[in-house]
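Open your viewer and keep the selection tool ready. We will go stop by stop.

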Amino acid sequence: MITMKNIIREGNDTLRAEAKKATFPLTDEQLQLAHDMMEFLENSQDPKIAEKYHLRAGVGLAAPQVDVSLQMASVLVPGPEGEAPLFKDTIVNPVIISHSVQGAALSEGEGCLSVDRDVPGYVVRHDRITLRYYDIDGNQHKIRLKNYPAIVCQHEIDHLHGILFYDHIDHEHPFTMENEDLVIE
Ligand code: SB7
Ligand code: NI
C-alpha cells in the first residue's frame, strides 16, 4: 500500500517534470499503481486507517507524486455524509477542453501532500471545466465539473505538468481578490 513514505516532496525534480502521456492498454504495473493510488485516497479519508498509518487526508493523488512521471491521477472527492462521492475516478491523459471565464478559489487556499508546509493564499482556477480523460480501461470520458471537484482536478492536472499550487499564488497579496473570482467555502 502507498503511505506517506512513498510520496515525494517538493525539491524532487519529478514534481517539476512534464509527465509522459500513457498509452493503452496500460501495463499491469500501471494498473496496479492506479489501484494503489485510489486505495491511498480511500485509506487517507478513513479516520481509523489514516491514524494507524499516519496518512494525511487527500482528495487527489497524481502519479508524479509517487515518483512515476506518467499522466495519471486518482481523484476522490467525497459527497455529503452517507452519499456517493462527487467525483471518483483515475483520470489518464486528462485535458481541459474548455472552461468558464469565471475564476474560483478555495477560501482556505490549497495544500499538497508533496508540500510539507502551509503556503497561504488564493489559488485562482477555472470555476467550471469540461474535462476529457481516459479511464484505466481506455474508455474516453468527457465530463463537466464545477466548484470543488473542478478545483481538485485542476490541482491534479497541474501535477502532470510540473506545476505546484503555490505557483498560482500572488505572494505579495496572497488573499487579495482584485476581480470577480468566486470564493468557494
Ligand atoms: C486542495 C487540495 C487538493 C486539491 C485541491 C485543493 C489535493 C491535495 C492532495 N494532493 O497533493 C494531490 O495532488
Ligand atoms: Ni498536490
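Is Asp127 buried or exposed? Select Asp127: at 5% relative accessibility, Asp127 counts as buried, because the cut-off for buried is under 20%. Keep in mind that this model is predicted.

Asp127 and Arg128 form a salt bridge, with their closest N and O atoms 3.4 Å apart. Arg128 is partly exposed, at a relative accessible area of 35%.

Next, select residues 28-44. This is helix α1, with 17 residues. From first C-alpha to last, α1 reaches 24 Å, close to the 24 Å expected. Colour the buried residues of α1; among them are Leu33, Met37, Phe40 and Leu41. What covers them? Show α2 (47-53), β1 (60-62), β2 (72-77) and β3 (87-99), which are included in that cover.

Stay on the helix and pick Glu42. The Glu42 side chain meets Lys88 in a salt bridge, 2.6 Å from N to O. Glu42 lies in α1 and Lys88 in strand β3, so the pair ties together parts that are 46 residues apart in sequence. Glu42 is partly exposed, at 35%. Lys88 is partly exposed too, at 41% relative accessibility.

Move to Glu10. Its salt-bridge partner is Arg117, and the closest N and O atoms are 2.6 Å apart. Glu10 sits in the segment before α1, and Arg117 in the loop between β4 (103-106) and β5 (125-126). The two are 107 residues apart. Glu10 is partly exposed, at 27%, and Arg117 is partly exposed, at 44%.

For the last stop, select Glu110, Arg125 and Asp158. A network of salt bridges links these three. How many salt bridges does a search of the whole structure find? The search finds seven.

Technical notes
Residues are numbered from 1 along each chain as its sequence is written. Chains are lettered from A and ligands numbered from 1 in the order in which they are written. This is a predicted model: local features need pLDDT of at least 70, side-chain atom pairs count only at pLDDT 80 or more; totals for chains, interfaces and linings use all residues. Side-chain values use heavy atoms; hydrogens and water are left out. Helices (H or I, at least four residues) and strands (E, at least two) are DSSP runs, numbered from the N terminus. The expected span of a helix is 1.5 Å times one less than its number of residues. Buried means under 20% relative accessible area, exposed over 50%, partly exposed in between (1.4 Å probe, protein chains only). Contact means heavy atoms within 4.5 Å. A salt bridge is a side-chain nitrogen of Lys or Arg within 4 Å of a carboxyl oxygen of Asp or Glu.
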